[in-house]
Amino acid sequence: MPQQSFMRRAIALSQGIGEGGPFGAVIVKDGRIIAEGNNRVTSTNDPTAHAEIVAIRNACATLNSFSLAGCEIYSSCEPCPMCLAAIYWARLDRIHYGNSRIDAARIGFDDEFLYQEIPRPIGERRMPMTQVLAEEALAAFAAWHRRPDKTPY
């Protein structure tokens, strides 16, 4: 299937706006779609149920792996910061997108404030952040670090 066919499928999934916003995504491995997702934020009351996240969850279930290395994602829109981070964590090889984040902002999906927040020092972000019990929290990290049978990711 050529790239245009994969993108057309992602765009078709974005038409399912009864479940959430107008966003769709497919994940491709070895020239075939292995998973799909559309935005389900409002239908599931889950603010993380963006099309890319849904597609990643479905692809990981299909492959029975947390790594999607060797796969590519086709998204009807440039991924938001959350989805972009998830794509990196899933180790997808490439992102293809249709609409830009500027196009999304024109219809009320403006993620620009997130892009601006991320590089700011913690004390300058709009969302207050407070570190609590840091030394106690380090115990879990120490245990993980010592564990010989851990699965790194």
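Which side chain makes a polar contact of 2.6 Å with the side chain of asparagine 38? In this predicted model, the partner is the side chain of glutamate 19. A second polar contact runs from the side chain of asparagine 38 to the side chain of arginine 40, at 3.2 Å.

Asparagine 38 belongs to strand E2, which covers residues 32-38. Its relative accessibility is 7%, so asparagine 38 counts as buried, the cut-off being under 20%. Look next at what surrounds it. Neighbours within four places in sequence are left aside here. Asparagine 38 is then in contact with Leu13, Gly16, Glu19, Phe23, Gly24, Ala49, Ala51 and Val54.

Now move to strand E3, residues 71-77. Six of its seven residues are buried, so the rest of the structure largely encloses E3. E3 pairs with two strands named here. With strand E1 (residues 24-29), the pairing is antiparallel and spans five bridges. With strand E4 (residues 94-99), the pairing is parallel, over five bridges. Isoleucine 27 stands opposite isoleucine 73. Isoleucine 73 also stands opposite isoleucine 95 in E4. Between E3 and E4 comes helix H4, residues 81-90; E3, H4 and E4 make a right-handed β-α-β unit.

The structure holds three aromatic pairs. One of them joins phenylalanine 6 and tyrosine 74. Their ring centres are 5.2 Å apart, with 55° between the planes, and the pair is tilted. Phenylalanine 6 lies in helix H1 (residues 3-14) and tyrosine 74 in strand E3, so this pair ties together parts 68 residues apart in sequence. Both phenylalanine 6 and tyrosine 74 are buried.

Another pair is formed by phenylalanine 23 and phenylalanine 109. Here the ring centres are 4.9 Å apart and the planes stand at 90°, so the pair is edge-to-face. Phenylalanine 23 sits in the loop between H1 and E1, and phenylalanine 109 in the loop between helix H5 (101-106) and helix H6 (112-117), so the pair ties together parts 86 residues apart in sequence. Phenylalanine 23 is buried, at 14% relative accessible area. Phenylalanine 109 counts as partly exposed, at 33% relative accessibility.

One last stop involves a charge and a ring. The charged end of arginine 101 sits over the ring of tyrosine 115, 3.8 Å from the ring centre.

How values were computed:
Residues are numbered from 1 along each chain as its sequence is written. This is a predicted model: local features need pLDDT of at least 70, side-chain atom pairs count only at pLDDT 80 or more; totals for chains, interfaces and linings use all residues. Side-chain values use heavy atoms; hydrogens and water are left out. Helices (H or I, at least four residues) and strands (E, at least two) are DSSP runs, numbered from the N terminus. Buried means under 20% relative accessible area, exposed over 50%, partly exposed in between (1.4 Å probe, protein chains only). A polar contact is a pair of N or O atoms within 3.5 Å; within protein, one must be able to donate a hydrogen and the other to accept it, and residues adjacent in sequence count only if both atoms are side-chain atoms. Contact means heavy atoms within 4.5 Å. Two strands pair if DSSP finds at least two bridges between them. A crossover is right-handed if, with the strands pointing away from the viewer, the path from the first strand over the helix to the second runs clockwise. Rings of Phe, Tyr and Trp (its six-membered ring) pair if their centres lie within 6.5 Å; planes under 30 degrees apart count as stacked, over 60 as edge-to-face and the rest as tilted. A charge sits over a ring if NZ of Lys or CZ of Arg is within 6 Å of the ring centre and within 35 degrees of the ring normal.
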